Amino acid sequence: MNHERRAKAQLDKVPPGEGDTNLSPNRKAWDSGNVDAAGRALLAEDERVFFRQSLSTPCLSAVAKAEGLWIEDTAGRRYMDFHGNNVHHIGYGHPRLIAAIKDQLDTLSFAPRRFTNQPAVDLARKLADITPGDLGKVLFATGGSDAIDIALKVARAATGRFKTVSFWDSFHGAGFGGLSIGGEALFRSGPAGPLLSGTEHVAPFACYRCPYGYPDIDGGPDLDLCKMTCADMVRYVLEKEGDVAAVIAEPVRSVPYVPPPGYWQAVRQACDDHGALLIFDEIPSGLGKTGRMFVSEHFGVVPDIMVLAKALGGGIVPISAMIARPHLDVLADRAIGHYTHEKNPFMARAALTTLEIIEDEGLVEQAARVGAYGLERLHAMRDRHPLIGDISGLGLLIGIELVTDRDTRERASEAADRILYRALERGLSFKTTMGNVLTLTPPLTTTEADMDWALDIIDACLDDEER
Ligand SMILES: Cc1ncc(COP(=O)(O)O)c(C=O)c1O
């Protein structure tokens, strides 16, 4: 089989999911025309030394610089980064953050176990202050997947149960905890197993593509018809199982799909009625991305445990946090969060400074304003572009769902993949989700002018594709 046919065969086997695949023929065509000799040499060496894996290696190109909203490759080509793995809320290389972490390196660069330190305590207190309700006791780790594991262990300990309910199509990390509760074959099937036992799944909310078959009204729910069956199904499973420790979910799905109104109140009530905790994974969406500091604030629901990571380290330092209600602190005689960098002062200072930057620069308000502006412009674009089936999102988590036909809603995945590479050629980087959704996740520092620049490119790419 030649390379193209093999790539196509592999592509056909990969279910649409979390991100665009690096096996697409469009990727190969892009590589050959857009990477300079230095980049090509680095890519070849990268492929030689790294394990290959879907979504990442082989890579697209080589980055030489990341600053503010921009990344720059080895040939000096600049890309406005509307992806950023959701780490770049404050923009890449924020000068105030760099100054703070340099200062921290000069002051106290590490604290071994048994010793506490000021930045770690300050960060824990700050998170307790800004998170909703009585969320107030924390553990830190270096990545989201680890913090998800900690949350699962706390839920088990506090409830004396081990089962979880989570959602198909969700992603919660690549550790065994995260991939067991996650809902995508790419991460949890085949060699990933055996998975954690007791990890039950239900179909998620997805009004435009309701898994229960109900019609939508303009991308939102028709509640008279569906009676929010997606929330009822969580209650149903909690009742049938009878001993579930926790429901764990992203409060806004990363596609991005937004829940129907009242969804989280209904699930919160079902959890309370059946003795299950509610865990919100706000790893990509927390810290202002949706136009509120925490996604849960949109819905007036306080989870028992919240998990943060990604942008918490300001796009420079890896750090994650599990923040729980104080009465869940029941494991004094165990070591569930025993990680080497559990109270690393350097990581903590980076996170603390990141939170201060978000507050001092009014970035949550900016995300709300610019996100609303972008969504409004996209709704207008939908009127002109038959390829756009639906626009979804909240704040600066924005989805443009492409379809070959608005009636059948067949996913226009090939068009989405072509548009991804055409946009890159014009200097805009974003990812696709579920195959056919152009997913825009720019930093909170994005201005209306930046949004216009990016949407003009998408507009032109849609014109090209429809022509
Ligand atoms: C919703 C969600 N949960 C968990 C994770 C895992 O975080 P990490 O990659 O830091 O382990 C991610 C990462 O993309 C995520 O998007």
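**Domains and sheet**

1. The chain is assigned domain 1 (3-90 + 363-466) and domain 2 (95-360), with bounds that come from an automatic or database domain assignment. Residues are numbered from 1 along each chain as its sequence is written. The model is predicted, and local features need pLDDT of at least 70, side-chain atom pairs count only at pLDDT 80 or more, and totals for chains, interfaces and linings use all residues.

2. The centres of domain 1 and domain 2, taken over C-alpha atoms, are 25 Å apart. Between them, 31 residues of domain 1 are in contact with 30 residues of domain 2, contact being counted where C-beta atoms, placed from the backbone, lie within 7 Å.

3. On the side of domain 1 that touches domain 2, at least two residues each come from helix 14 (363-384), strand 13 (388-394), strand 14 (397-402) and strand 17 (437-440); helices (H or I, at least four residues) and strands (E, at least two) are DSSP runs, numbered from the N terminus. Helix 14 gives the largest share of this side, 5 residues.

4. An open sheet of 7 strands runs in the order 4-12-11-10-9-5-6 with mixed pairing, where two strands pair if DSSP finds at least two bridges between them. Strand 4 (137-141) and strand 6 (199-202) are the edge strands, each pairing on one side only.

5. Strand 10 (residues 277-281) pairs with strand 11 (residues 305-308) in the parallel sense over 3 bridges, and Phe-280 has Met-306 in strand 11 as its bridge partner.

Terms used:
Two residues are in contact if their C-beta atoms, placed from the backbone, lie within 7 Å.
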